[in-house]
Structures are given as C-alpha cells and as structure tokens.
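The following account leads through selected side-chain interactions, one region at a time. Please keep the sequence and the coordinates at hand while reading.

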Amino acid sequence: MSNRTEVEVRLNVNGRDYRVRVEPRRTLADTLRDNCGLTGTHLGCEHGVCGACTILADGEPVRACLMFAVQCEGMELRTVEGLADGDRLHPLQQAFWENHGLQCGFCTPGFLMLATGYLEQRPEPDEEELKEMLSSNLCRCTGYQNILKAVKQAAAEMRG
Amino acid sequence: MGVQYYNPACMKPASFDYLAPRSLEEALDYLAEHGYEAKVLAGGQSLVPAMNFRLARPAVLVDINPLSELDYLEETDHRLRIGTLVRHSTFEKPVCQGPTGRLLAMAARHVGHWPIRVRGTFGGSLAHADPAAEWCVIARLLDADLVTRSSSGGRHIPAEMFFQTVFTTALEPDELLLEARLPLLSSDTKVGFQQFSRRAGDFALAMVAVAFQIEEGKVMNPRIALGGVSDRPLRAPEAEQMIEGADPGDPSFRAAAETAAREIEAIGDIHGSASYRRDLVRALTRRAFEQAITIS
Ligand SMILES: Cc1cc2nc3c(=O)[nH]c(=O)nc-3n(C[C@H](O)[C@H](O)[C@H](O)COP(=O)(O)OP(=O)(O)OC[C@H]3O[C@@H](n4cnc5c(N)ncnc54)[C@H](O)[C@@H]3O)c2cc1C
Ligand code: FES
Ligand code: FES
C-alpha cells in the first residue's frame with residue numbers, strides 16, 4: 001500500500017461508518033472536520049500541546065492532530081458529537097453547563113472527551129488525580145476551577 | 001530543552017507515501033529501500049508535530065503501529081526487555097517487581113500528558129533522543145542495551161554510544177530500534193527521580209535520576225544521570241565516584257549534588273541559562289537521593 005494521492009479510508013466514528021478519500025498526510029482531526037463534517041473536534045495548536053482536538057480512540061484519549069486518518073481504520077473513534085443522546089446531554093455536558101465550565105467554549109470538546117475517557121476508566125478519581133488529568137488540556141478562559149467542579153459533579157452523577 | 005517549533009505560517013504536513021508493513025521483515029525492507037527518504041512512524045507524538053511544522057518532510061512513512069509483535073515486555077536473565085512499541089502509559093504502574101519497575105513508574109508520570117502517553121512509545125522516545133526525555137535519562141542511568149535490526153543484520157548499542165547529540169542517535173536510516181534491555185535492579189537498590197518543569201507535562205528544564213545500594217551502611221554502586229541540561233543525557237561520573245562508599249545522608253548527598261552541578265557542561269537556552277540549570281541539577285540531585293532513601 002503506497003500512495004501520495006488519495007486513498008480510501010473507512011472510519012468508524014460514534015458508531016457510524018464513514019468512507020472518505022484522503023491523502024495520507026491528512027490528519028485525523030482534519031479528516032473528521034472536513035471529510036466527515038464533524039466540526040466539534042477543534043484545532044488549536046496542531047502540535048499536541050493544547051488538547052483542543054482530543055477524541056477517544058478505542059476508549060483512550062488521543063490528540064487527533066497527531067494521527068493520520070490512514071492509521072485509524074478499524075479503530076472505534078468517539079468525538080464530542082457522540083456524547084449527547086438526542087436532546088439529552090451527557091452528564092459531563094450537563095455538568096459543564098450547570099457549573100459554568102466554559103466561557104468561549106473553544107477548548108470544551110477536548111475537555112469533554114478527555115474527561116469522558118478518564119471517568120469511564122476511573123469512576124472514583126481523587127481531586128489530585130483529576131487536576132493532573134485536566135492539566136493535559138489548555139483553557140484560556142475559565143481558570144479551570146469550574147471545569148474541575150463540573151467533572152467532579154459528573155463523576156458523582158455517572159456513579160449514580 | 002525540549003522541542004521548540006515556531007512557524008505559524010504552516011501547520012500541515014507535506015505529502016508522503018504511507019507504508020503499513022505487515023511484518024517486521026517487510027518494515028525492514030521498506031527502510032532498506034527508502035533509506036534517508038523514509039521515517040519510522042511510531043507514536044507520532046514527536047514526528048507528527050515536526051511534520052506539521054514542516055521541520056520534517058519525510059517522503060515515506062513506515063508505520064510500525066500495526067506490528068503488535070513489537071509491543072512486549074519480558075523478563076529474562078535479570079533483564080527487562082522492552083519492545084519498542086510499548087506505550088509510555090504502560091509504565092505508569094510498575095511493569096515489573098522491584099526498583100526497575102518503580103523507577104520507570106516514577107518517571108512515566110512526567111512524560112507529557114496522559115493522551116501523549118497513550119500514543120507515544122518507549123522506543124520512539126529513545127530514537128527521537130530529546131535530551132530532556134525521561135526514557136533517555138533512564139536508559140543512560142541503567143546503561144541500557146539497545147537492540148536494533150536492519151535487513152542486513154542486528155546490533156547491540158550501549159546507551160552511552162546511542163545518544164549522540166540533540167535528536168541524533170547511532171541509528172542508521174535503515175535501522176529499526178527493536179528493543180531496550182534494562183537491568184532488573186536488585187531488590188535492595190534505592191531509586192530516585194526528580195525533575196523541574198515550569199508547567200505540568202512540559203519538557204523538563206532539568207531532571208536527575210539516581211540508583212544506589214547501601215552495603216554495611218555505605219553507599220555502593222551509585223549511578224547518577226542527568227537530562228535536559230546538555231545535548232544528550234549524561235552521567236555524573238565524578239559525583240558518582242565521590243559518593244561511593246560514603247555514609248548516606250544529607251552531607252554526602254549535598255556534596256554529590258555540588259559535584260554533579262560543577263562537573264556537567266550545562267547548556268543555556270531561552271528556557272534557562274546554563275548557571276540556572278546547574279542550580280537545578282544541584283537541588284534535584286540532592287532531592288533524588290533523599291527521595292530514594294526515604295521511599296525505597
Ligand atoms: C505536548 C507534548 C508533550 C511532550 N512531553 C514530553 C515529555 O515531557 N517528555 C518526553 O520524554 N517526551 C515528551 N513528548 C514526546 C513524546 O514522549 C513522544 O512520544 C516521543 O518523544 C517519541 O515517541 P513516539 O513513539 O511518539 O515516536 P514518533 O514521534 O513516531 O517518532 C519519533 C522519532 O523516532 C523515530 N522512531 C520511532 N520509533 C523508531 C524505531 N523503533 N526505530 C527507529 N526509529 C524510530 C521516528 O522516525 C522519529 O524520527 C511530548 C510530546 C508532546 C506532543
Ligand atoms: S490541536 Fe491537537 S493538541 Fe492542539
Ligand atoms: S472556555 Fe475559552 S478556552 Fe476554555
């Protein structure tokens with residue numbers, strides 16, 4: 001398999017199959033946005049630092065700007081578009097809303113996916129762990145306190 | 001140190017041919033065929049940023065991620081064998097009993113952030129050879145044996161020879177790093193790892209790893225390795241020599257720290273001057289010894 005020109009790639013995003021034609025150099029983030037029309041995944045720095053592009057690949061948070069779409073066949077990808085169930089927000093989305101966990105909202109999809117991956121693996125995190133996890137992503141507006149509050153509330157809710 | 005890229009004009013990689021080998025042999029054949037034109041794609045957490053900035057423009061990428069046979073951990077002959085594709089996050093919990101596993105876990109939490117650790121690989125970090133990379137410092141501390149393979153054969157490269165300068169190793173363009181072998185330190189070995197970075201997850205301005213034993217009340221077989229202060233991970237041989245046989249405790253730890261700070265050739269850059277880095281080495285060496293003696 002070798003091609004600088006477009007290749008066909010099958011991506012599974014939020015449980016749905018997308019067939020796209022992309023050049024190998026097309027990052028996963030750009031492919032999600034431009035080829036799949038899933039613009040909820042944001043691009044800030046495009047070199048792995050800001051975390052705005054964080055999505056889940058096979059349940060683990062990854063920087064979508066540092067992967068190529070051609071690498072992702074067969075992976076189960078999840079983006080912010082897959083969080084809500086119809087009109088019902090995911091507990092994390094609801095908690096961000098209720099706790100003012102966002103201002104401009106640019107960083108929010110990345111934080112939501114990061115925290116989703118985290119809480120699914122560790123339903124009972126302690127505060128220090130949460131802070132360390134949240135330091136993965138950058139937010140220029142909130143100062144993080146309300147994001148932390150929101151994730152704690154969502155954690156409690158998701159435990160039921 | 002760490003990678004500093006700044007070129008706001010361009011954030012998309014140049015085009016390349018993507019090759020997904022189905023076996024190690026196929027990967028080696030691709031590397032032999034394409035030589036300098038090709039780059040191995042492992043976790044992509046250093047290579048892809050460099051490509052996005054077009055600091056790297058490989059014509060061919062050989063993606064080793066599908067080669068699950070390169071993702072293994074084995075203990076044989078008092079050695080931990082780490083397949084090149086083992087992800088950083090694997091080491092967050094000790095991967096083996098004893099000080100080697102503990103030391104790897106101490107360092108792992110400093111390697112970038114969780115999503116970086118999920119993708120980035122042990123071998124990729126060594127091959128990338130950032131002087132401030134935790135795994136490079138551990139490899140230097142423990143005199144790792146680095147096992148490589150190319151279509152024309154294999155080599156064992158000691159860590160000391162492997163790391164040549166910033167982002168430069170002894171690897172030939174057609175050579176794949178296959179495995180890193182670390183000694184399984186004896187259970188009485190004390191280990192410490194300390195680093196300083198301005199923000200959590202950033203590359204450290206300086207880091208220090210130590211390992212030593214205490215026999216009949218004296219420090220024995222001390223090892224001190226430093227990262228982020230020079231163009232490659234370093235040992236501090238004079239400091240090691242002076243603390244060998246000393247009484248463990250604050251005075252000898254301080255003396256070793258002083259010597260380490262003096263003997264190294266620190267490099268200054270926009271993140272910190274050489275003398276600031278020396279100060280960090282002094283403080284971190286002392287703390288690493290203290291940590292080793294208190295927790296292990
Ligand atoms: C935001 C951010 C923060 C980071 N912080 C840190 C940090 O604090 N500490 C740290 O150590 N690292 C840090 N990193 C880098 C990260 O650890 C990378 O994972 C690592 O440097 C490279 O490993 P990789 O598997 O991602 O390799 P790649 O990016 O895929 O490859 C890196 C280089 O190694 C070569 N290569 C990879 N594997 C092999 C092989 N088996 N044989 C031959 N050549 C090979 C590639 O061709 C390339 O030149 C950070 C990265 C980011 C994006
Ligand atoms: S856009 Fe991917 S980490 Fe910033
Ligand atoms: S809400 Fe604006 S960057 Fe986080």
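**A buried arginine and its surroundings**

A polar contact (a pair of N or O atoms within 3.5 Å; within protein, one must be able to donate a hydrogen and the other to accept it, and residues adjacent in sequence count only if both atoms are side-chain atoms) joins the side chains of B:Arg87 and B:Asn65 at 2.7 Å. The model is predicted: local features need pLDDT of at least 70, side-chain atom pairs count only at pLDDT 80 or more, and totals for chains, interfaces and linings use all residues. Residues are numbered from 1 along each chain as its sequence is written, chains are lettered from A and ligands numbered from 1 in the order in which they are written, and side-chain values use heavy atoms, with hydrogens and water left out.

B:Arg87 is located in the loop between strand E5 (79–83) and helix H3 (99–108) of chain B; helices (H or I, at least four residues) and strands (E, at least two) are DSSP runs, numbered from the N terminus. B:Arg87 is buried yet lacks a salt bridge, since its nearest side chain of opposite charge, B:Asp71, is 5.3 Å away. Here buried means under 20% relative accessible area, exposed over 50%, and partly exposed in between (1.4 Å probe, protein chains only). Lys and Arg count as positive and Asp and Glu as negative, while His and the chain ends are not counted. A salt bridge requires a side-chain nitrogen of Lys or Arg within 4 Å of a carboxyl oxygen of Asp or Glu. Beyond its neighbours within four places in sequence, B:Arg87 is in contact (heavy atoms within 4.5 Å) with residues including B:Gly43, B:Arg117 and B:Thr121.

A:Glu132 belongs to helix H4 (residues 127–134) of chain A and is partly exposed at 36% relative accessibility.

Attention now turns to the aromatic rings. Rings of Phe, Tyr and Trp (its six-membered ring) pair if their centres lie within 6.5 Å; planes under 30 degrees apart count as stacked, over 60 as edge-to-face and the rest as tilted. The structure holds 10 such pairs over all chains. One of them, between B:Phe91 and B:Phe122, is tilted, with 5.2 Å centre to centre and 45° between the planes. B:Phe91 lies in the loop between E5 and H3 of chain B and B:Phe122 in helix H5 (residues 122–128) of chain B, so this pair ties together parts that are 31 residues apart in sequence. B:Phe91 is buried at 0% relative accessible area, and B:Phe122 is buried at 1%. B:Phe122 also forms a tilted pair with B:Trp135, at 5.0 Å centre to centre and 35° between the planes. B:Phe91, B:Phe122 and B:Trp135 form one aromatic cluster.

Which charged pairs form salt bridges? Over all chains the count is 30. Among them, A:Glu120 and A:Arg78 have their closest N and O atoms 2.8 Å apart. A:Glu120 lies in helix H3 (residues 108–121) of chain A and A:Arg78 in strand E5 (residues 76–78) of chain A, so the pair ties together parts that are 42 residues apart in sequence. In chain B, B:Asp279 forms a salt bridge with B:Arg282, also with 2.8 Å between the closest N and O atoms.
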